Structure formats: C-alpha cells, structure tokens
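Here's a quick briefing to read alongside the model. Have the sequence and the 3D view open as you go.

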Amino acid sequence: MTTGAMLNFDKARIAHYGGPIALVAILLFNVAITPNFLHPQTLFVNISQVATIAIVAVGMTLVIATGGIDLSVGAIMALSGAMAPLIFLSPYAEAYPTIGLTAAIGVPILVAFACGLFNGVLVSVFNVQPIVATLIFFISGRGIALVLTNGNLQTFTNPAFSYLGTGKILGLPFQGWLVAIIAIAAWWMVAHSTYGRQLLAVGGNERAARLSGVPVRKVKIGAYVICAGLSGLAGLIVVAINSASDAARIGNLMELDAIAAAVVGGTLLQGGRAPIFGAILGAVIIQLVKYTLLANGVADEVALIAKAAIIILAVYVQQARRE
Amino acid sequence: MVDATTFDLRQHVGGNSHSSGVWIALIALIAFGLLRYENFGGAYNISSFLNFNAMFIVIAVGMCFVIMTGGIDLSVGSVAAFTSVVAAYLSPYGLQVALPGTIAAGIAIGALNGFFVVAMRIPPFIATLATMLGAKGGALVISGAQTISIDWSSNFTKLGMEQAFGILPWTIVVTGIVVVGLWIVLERTSLGRTVLAIGGGEDASVMMGLSVIRAKFFVYTLSGGCAGLAGLFLASGFGAGQPLEGVGWELSAIASVVVGGTLLTGGMGSIPATVAGALLLGLVFNILNFENGRGVISLSAYWQMVIRGGFLFVVILFQSRVARASAKETS
C-alpha cells in the first residue's frame with residue numbers, strides 16, 4: 001500500500017517534470033558531446049527552426065484542448081507560403097511595394113483563417129469528426145497550393161518580406177520574438193479570458209458546457225480559426241527563411257511535429273487542457289532531438305524513429321499521471 | 001445511450017442508408033465512364049485499374065476493421081513502404097519466401113501497434129502516429145533512402161505482372177481472396193461480432209465477457225498485415241521497393257472507409273462498402289485520366305488532389321445529413 005502510493009507519487013512527479021527533465025538532459029548531453037554546441041550560432045539556428053513548429057503547436061494545443069485535432073496545418077502552411085510570393089512578385093506589387101508587402105502577408109493569413117473557419121464549421125455545425133473534417137484540407141490544401149504555383153519552385157529576393165525569417169531584434173531571430181509574443185498572448189487567453197475558460201470547458205465536458213450556456217460552436221470554430229491562422233503565419237516564415245517557396249515541401253509532416261509537441265508538452269488528447277508553454281517546451285525538445293542527432297552525424301531517418309519513441313514515451317508517462 | 005451499445009444487423013450487411021450512397025455514386029460514375037469513353041469498359045482498363053488499386057483496397061479493408069473498434073491506424077502507408085523494401089530484399093528467394101516474409105513484417109509492426117494500444121493504453125491515434133514515423137525511418141534506414149530493385153530472375157514478379165489463368169492479374173485474385181475472407185470473418189465469426197461490439201461500447205463489451213483485448217490486438221495486427229500485403233503489391237507491381245512511397249495512404253484508406261459509410265466512432269461498418277469506397281476514390285482518378293486523354297481539358301496531378309479533397313467534402317456533407325436524418329428518426 002505505502003510502496004504503491006510512493007510509486008504513484010514518483011510516477012506523478014516524473015510525469016509533471018518529465019518535459020523539463022528531458023530538456024535539461026538533452027542540453028547537458030549536447031554540451032558534453034556535440035561540438036560547438038555553446039556557440040551562439042547554434043542558438044540562432046535552433047531558434048529559427050523551432051519557431052514554425054512552436055507557432056503551429058500553440059494553435060494545435062488550442063484545437064486539441066476542445067477535444068479535436070487539426071491535420072490540415074501543414075497543407076495550410078503550404079497554401080499561404082505559396083500565395084505570398086505570387087502576390088509580391090506580381091507587377092502591381094512591384095509597382096507599389098508597401099501595398100504589395102502588406103497584401104503578401106495579410107491575404108495568405110486571411111485565406112488561412114477562411115480554411116480554419118471551414119474546418120471549424122464542419123466540426124461544430126455539421127458534427128463531422130475532426131480527423132475527417134481536417135482531412136479535406138490535408139488532401140486538397142497542398143493541391144491548391146501546387147495548382148496556384150503550377151508546382152514550380154518560386155525564388156525571390158525581397159529583403160522586407162524575408163525579415164520575417166531572417167530579421168534580428170537584439171541579436172535574436174525575429175521569429176523567436178514572434179513565438180514569445182504568440183505564446184504569451186495565447187497563455188493569457190487560456191488562463192484569463194472568458195474565451196479561454198469556455199475553451200477548456202468545452203474540451204473538459206462538452207455536454208456540461210453546452211448546458212451551462214457556453215456557445216460551444218463558436219468556441220470550437222474559434223480554436224480552428226486561430227490554429228489555421230497561426231499555420232498560415234508559419235508558412236510565411238518558412239518561405240521567408242528560404243527566400244524560396246516550394247509548395248510540395250512547405251509544412252510537410254508539420255501536423256505530426258505539432259501534435260507531438262503538444263502531447264510532449266502535456267496536452268491531453270481528450271481535451272480540457274491547454275498548456276501553451278508546455279507545447280513550446282515540447283517543440284523545443286523535438287527540435288533539439290532532431291538537432292542533436294543531426295549534429296552528431298546520425299541520419300535523418302533515425303531521427304524519425306527517435307521522434308516516434310519520444311511520442312510513445314511522453315504519452316505513456318502522461319497516461320500514468322491520469323491513472 | 002441505447003444507440004451506442006446495441007447494433008443492428010442491417011447496419012453491417014451493406015444495405016443501410018449510410019452505405020447506399022457509395023453504391024449509387026459508384027454505379028453513376030461507372031455509367032458516366034462507359035458512356036463517355038470508348039475504352040473505359042475495355043479489359044485493359046479494368047485490369048490495370050484493379051491492379052493499381054489492389055493495394056489501396058487491402059489497406060482500406062484492414063483500416064475498416066480498426067475503425068469499427070473505434071480506433072484508427074495512421075501507420076499503414078509507412079508500413080507499406082517499409083514492407084515493399086522488405087519484399088525487394090526477399091525477392092531473390094522467390095514468392096514462396098517473399099509473400100509470407102513481407103506479410104510477417106507488416107504483422108510485426110501491426111502487433112507493435114496492438115501492444116501500444118492494448119497493453120500500454122496509448123490512444124490509437126498517437127500510437128500509430130509513432131509507428132508511422134518509426135516505420136518510415138526504418139524503411140529509409142534499411143534501404144539507404146534508395147529504391148531497391150527487385151530480382152527479376154525469380155518468380156517474384158509473377159504477382160504484379162502476370163495473369164492468373166490468363167485472365168486476371170494475380171494481385172486481383174489475392175485481393176479478392178483477402179476481401180472475401182475478411183468479410184466472412186466480420187460477418188460470421190465471434191471475433192467479427194466482438195470487433196463490432198467494441199466500437200458500439202467498449203465497457204459494455206467487457207462486461208458482456210467478450211474478449212475485447214484479443215479483438216483489439218487482432219485488428220491492429222490485421223491492419224499491419226494488410227499493409228504488408230500492400231507493400232508486396234507495391235514492390236511487385238513497380239519492380240522495386242519504394243521507401244518514399246505510402247505518404248498519405250492512411251488518409252486515402254480512412255477516406256475510403258468513410259466514403260463507404262462507416263462512422264469513425266466505430267460500432268458499424270461494411271467490408272463491401274469499404275471496397276466500393278476505395279474503388280470510387282480510384283475511379284475519380286481513372287476518369288480524370290480519360291478526360292485528360294481526350295485533350296479537351298488538361299488537369300495536372302495537382303488538380304487531382306484538389307478534386308479528391310472536394311469529393312471527400314461532398315460525401316461527408318451527404319453523410320452528415322443522412323446521419324442527422326436517421327438520428328431524428330430514432331429519437
């Protein structure tokens with residue numbers, strides 16, 4: 001009895017601190033093994049790469065908190081990433097660079113919002129299961145992006161737009177700051193706004209939430225719209241980093257990274273919890289594992305297997321916490 | 001609550017309102033093709049169409065079993081890619097070794113899924129997501145990220161390239177046997193009943209004394225085995241193990257099952273309707289190819305993705321209306 005209780009206690013403790021412990025372990029391992037790990041350049045590379053995962057993971061966390069899932073994030077990234085260069089490379093935008101730039105950032109994000117609205121309405125109004133509803137854009141979103149660009153790689157030089165992916169503020173990559181702002185805003189929303197309370201209520205017990213007057217449909221649609229908008233932003237950042245847009249590759253497998261980050265960060269797939277900073281931590285862990293393996297000459301393929309093991313382990317530990 | 005724990009025999013024999021749509025659409029599309037294109041009903045088109053879609057059909061049937069228990073298997077595409085590489089490596093020893101060996105590889109990964117879901121109680125979505133990544137990584141590791149050519153001197157190529165009794169490709173014969181066999185398992189065995197009962201209400205099934213654990217383990221193992229068979233078809237049909245193939249196949253399979261009228265919540269499902277769903281999705285491509293062939297329009301492969309998604313959307317909308325209408329009837 002006492003040993004059992006103690007074991008449970010330890011398990012719960014591991015579950016609670018698992019993320020930070022894993023992070024510290026990876027960092028220490030890297031300091032000891034990986035050459036030049038403490039070089040500032042390493043930090044910049046990792047921040048600029050983790051940003052897109054982290055931004056999408058925040059949106060995914062909100063969707064999962066309602067008990068849903070969004071498989072279309074990668075495809076929406078491709079769509080917005082394909083649109084931006086089309087807009088700012090058009091003759092009109094070349095003539096009026098400011099309007100062109102604003103449109104190149106604004107229009108893709110608006111389109112992403114529209115995709116999210118579509119997902120949200122299917123899920124909440126038509127009661128389509130989230131996996132199936134978001135499957136539609138998963139399949140067709142990238143197709144639309146490829147149709148728009150005719151499958152061509154678009155390369156460009158546009159310093160103003162590229163600032164999204166290569167700019168620096170106080171020496172740190174611009175998208176790192178963006179992640180910080182988005183995370184704090186999302187955290188505030190979940191913890192302190194009415195919408196946040198309603199979001200968690202819907203995920204915790206939809207029926208109870210509906211009976212107590214929560215506008216369940218609107219709340220759910222909101223989560224999908226935010227998630228899609230953030231995915232659209234992440235798509236723009238990927239294109240800005242590369243100064244090139246390849247609709248076939250932008251955001252490929254991002255849905256998996258984002259779900260993994262959310263789960264490693266402590267989000268329950270059943271909904272009802274939205275640990276935003278946990279998701280950021282999850283994204284950082286996944287990025288660092290990738291980096292560690294790559295920097296030590298382990299092939300990309302093996303990194304996939306490592307990611308698989310992390311996901312299983314994280315969920316297993318989480319499962320232990322609930323029991 | 002009563003709806004969730006009881007199931008109606010009519011629902012999985014194939015004659016229910018959920019799956020009637022897929023048959024109507026399939027017949028309409030075939031009629032359209034027959035009327036519009038000269039060679040649509042020709043032996044060559046039918047045989048190559050079925051030959052190409054055989055792997056999607058077996059995967060969809062395996063997926064249907066998993067979905068009927070209320071689960072999901074996202075790993076099938078990666079498993080097919082992995083096993084296609086295994087098949088290529090085994091091809092020099094002939095079909096008698098490659099066939100069981102490849103399916104065994106699929107079954108092994110399926111069993112791993114089953115272990116994660118049943119023993120470690122990891123949600124199916126996550127468990128199979130992890131094996132999806134793992135199998136993808138595994139396929140790339142053992143192949144060195146190269147396509148692995150099969151041995152053309154052994155009898156391995158018989159499967160994908162030769163005709164049984166001079167009429168049908170072997171692939172189709174094998175697929176037919178698997179489909180009919182699994183249909184019988186679902187409709188006529190206690191295991192099949194248990195699979196449906198689990199989806200209807202897992203707790204109730206446990207209390208009824210059904211061997212829920214065994215049945216759940218079975219469906220994931222089966223789905224892995226089906227994906228293994230698809231990998232074998234892939235390698236034999238295209239002459240090489242393809243570690244990079246299989247992307248999005250899980251979603252096509254889920255789409256086939258859903259189009260076939262099976263709800264993702266489980267508890268009901270039809271094997272023939274799932275096969276019809278897979279054929280329907282394949283036919284959309286086939287007809288687009290014919291349409292391109294007429295030279296009036298020219299739709300790239302990219303358009304096909306868009307149309308496929310749009311098609312799924314229409315079917316889902318239709319189903320959600322049917323589901324709501326039948327919910328109103330019962331309440």
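H12(B) is mostly covered, with 11 of its 11 residues buried. Buried here means that 20 or more other C-beta atoms, placed from the backbone, lie within 10 Å of the residue's own; helices are DSSP runs of H or I with at least four residues, strands are E runs of at least two, and both are numbered from the N terminus. This is a predicted model, where local features need pLDDT of at least 70 and side-chain atom pairs count only at pLDDT 80 or more, while totals for chains, interfaces and linings use all residues. Residues are numbered from 1 along each chain as its sequence is written, and chains are lettered from A and ligands numbered from 1 in the order in which they are written.

**Around H12(B)**
- The buried residues of H12(B) include Trp249(B), Glu250(B) and Leu251(B).
- Just past the end of H12(B), Gly261(B) has a positive phi of about 95°.

**Where the chains meet**
- On chain B, 37 residues are in contact with 33 residues of chain A, contact being C-beta atoms, placed from the backbone, within 7 Å.
- Helices H6 (124-143), H12 (249-259) and H14 (301-330) of chain B are the elements that give two or more residues to the side touching chain A.
- H6(B) gives the most to that side, at 13 residues.
- By class, the side of chain B that touches chain A has 27 nonpolar, seven polar and three charged residues; Ala, Val, Leu, Ile, Met, Phe, Trp, Tyr, Cys and Pro count as nonpolar, Asp, Glu, Lys and Arg as charged, and the others, Gly among them, as polar.
- Look at Leu135(A): leaving aside neighbours within four places in sequence, its contacts are Leu71(A), Leu251(B), Ile254(B), Ala255(B) and Leu312(B).

**Chain A overall**
- Chain A has 14 helices and four strands.
- Its C-alpha trace spans about 75 × 55 × 35 Å along the principal axes.
- Of the 323 residues in chain A, 48% are buried.
- Among contacts in chain A with a separation of 6 or more, 77% come from residues 24 or more positions apart.

**A helix pair in chain A**
- The axes of H8 (residues 174-192) and H9 (residues 194-204) of chain A come within 5 Å and cross at roughly 70°.
- H8(A) and H9(A) are therefore roughly perpendicular to each other, a label for angles of 65 to 115 degrees.
- Met189(A), Val190(A), Ala191(A) and His192(A) of H8(A) meet Tyr195(A), Gly196(A) and Leu199(A) of H9(A) in this contact.

Key:
Contact = placed C-beta atoms within 7 Å. Buried ≥ 20, exposed ≤ 12 C-beta atoms within 10 Å, placed from the backbone. Axes fitted to C-alpha atoms, helices over the stretch in contact; angles between N-to-C directions. Parallel < 35°, antiparallel > 145°, perpendicular 65-115°, else oblique.
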